[in-house]
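The report below goes from a single residue to the elements and domains of the chain. Please keep the sequence and the model in view while reading.

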Amino acid sequence: MVQEQAKKIIQMAVEQGVYDVTFQYSGKSYRIYFKGNARRDCIKEVNQAEGHALIAHFKFIAGINVGEKRRVQLGSCWYNYDSDKQRRLRLSTVRDFDGNESLVIRLLHDKQQKLSFWFDAQDRLDRLSVGRGLHLFAGPVGSGKTSLMFDIAAREFADQQILTVEDPVELVNSNFIQLQVNQVIGNDYDALIKLSLRHRPELLIVGEIRDSKTAHAVLQASLTGYTVFSTVHARSVQGVWARLVELGLSKEELDNSLQSVIYQRLIGGKGVIEIAQSQFASWQNQRWNEKMQNLFEEGHLTHTQLQKEKIKSIAPSKINSIDE
């Protein structure tokens, strides 16, 4: 019963193009939310016992400790929601102050599904030069930056050795050597990055720059002649520079290593892209804001969404002062 209900939820999410499914405790019941294309809708409400059973089912499939509810837990898995259909899922659990557990399931990009973009993004990506050094893919959660990064990697480094270091492994590609972080046995980002370089890959992909230690490890790899891709959560091209400075990287180090920043947002299931290959700290957002205005005028954004998507520029002096 629980298994069939869970499969129906995932199948419905896939059919509707949803990228997040949330099981959220609410009073004495659980509400199930679908999130996608700037909308979050409650599609179903189940009683507390059913909610617990559904969360336990997904945790078990993803290899997460079903009995542990005190700590935040992460996991990923292939999920068979039909006889011949499956989807890669990423799971995150959290417990509130009163001991009630909630679950968020991210439906990861289907590699068979072609990426699509607004405006001239595809042409600009086709002309993108990927040389040695650090190339960062930025955007908020759910912006498609990891899917875009893997798509460019597969295209630009076909038949070459690609190693990835991820936590967890999201998009499985049989042509990549994919390593998963495991803190319990000492395989953190730093250790696996150093290990990966001994294999001399043409491309090293680091899933995400989350902290200062990872930022410095990624920087050192790029400074020693490797091509490195990674993602970072940031609000803009300038925001990427500010975030790296905040994590302890100096302006001189970034000048010597950072080759490009690709910022993406998903609007109506299609990517809006900004590509910067210089002047990151002083990058101007006029062109981005004009694209948002165009999407608003064509009816793809509401006025409220337009205001959220427009980006204000930061004075470079304020960014650089973080490092002083």
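Leaving aside residues up to four places away in sequence, Val206 touches Val165, Tyr189, Ile193, Thr214, Val218, Val228, Phe229, Ser230 and Thr231, where contact means heavy atoms within 4.5 Å. The model is a predicted one, in which local features need pLDDT of at least 70 and side-chain atom pairs count only at pLDDT 80 or more, while totals for chains, interfaces and linings use all residues. Residues are numbered from 1 along each chain as its sequence is written, and side-chain values use heavy atoms, with hydrogens and water left out.

Val206 belongs to strand β10 (residues 203-206); helices (H or I, at least four residues) and strands (E, at least two) are DSSP runs, numbered from the N terminus. Its relative accessibility is 0%, so Val206 counts as buried, a term that stands for under 20% relative accessible area, with exposed meaning over 50% and partly exposed in between (1.4 Å probe, protein chains only).

The domain assignment, which is automatic or from a database, gives domain 1 (1-107) and domain 2 (120-309). Nine residues from domain 1 and nine residues from domain 2 take part in the contact, and the domain centres, taken over C-alpha atoms, are separated by 28 Å.

An open sheet is formed by six strands in the order β3-β2-β1-β6-β5-β4, with antiparallel pairing; two strands pair if DSSP finds at least two bridges between them. The edge strands, each pairing on one side only, are β3 (39-47) and β4 (73-82). Strands β5 (residues 85-95) and β6 (residues 101-107) pair in the antiparallel sense over seven bridges, and Leu103 in β6 is the bridge partner of Thr93.

| Helix | Strand | Angle |
|---|---|---|
| α1 | β4 | about 90° |
| α2 (residues 48-61) | β3 | about 110° |

In α1, the residues Gln5, Ala6, Ile9, Ile10 and Ala13 are buried. Seen down the axis of α1, these buried residues fall within an arc of 130° and so line one face of the helix, the arc being that of the directions from the helix axis to the C-beta atoms. The exposed residues Lys8 and Glu15 are carried on the face of α1 turned away from its buried side.

Key
Axes are lines fitted to C-alpha atoms, for helices over the stretch in contact, and angles run from 0 to 180 degrees between N-to-C directions.
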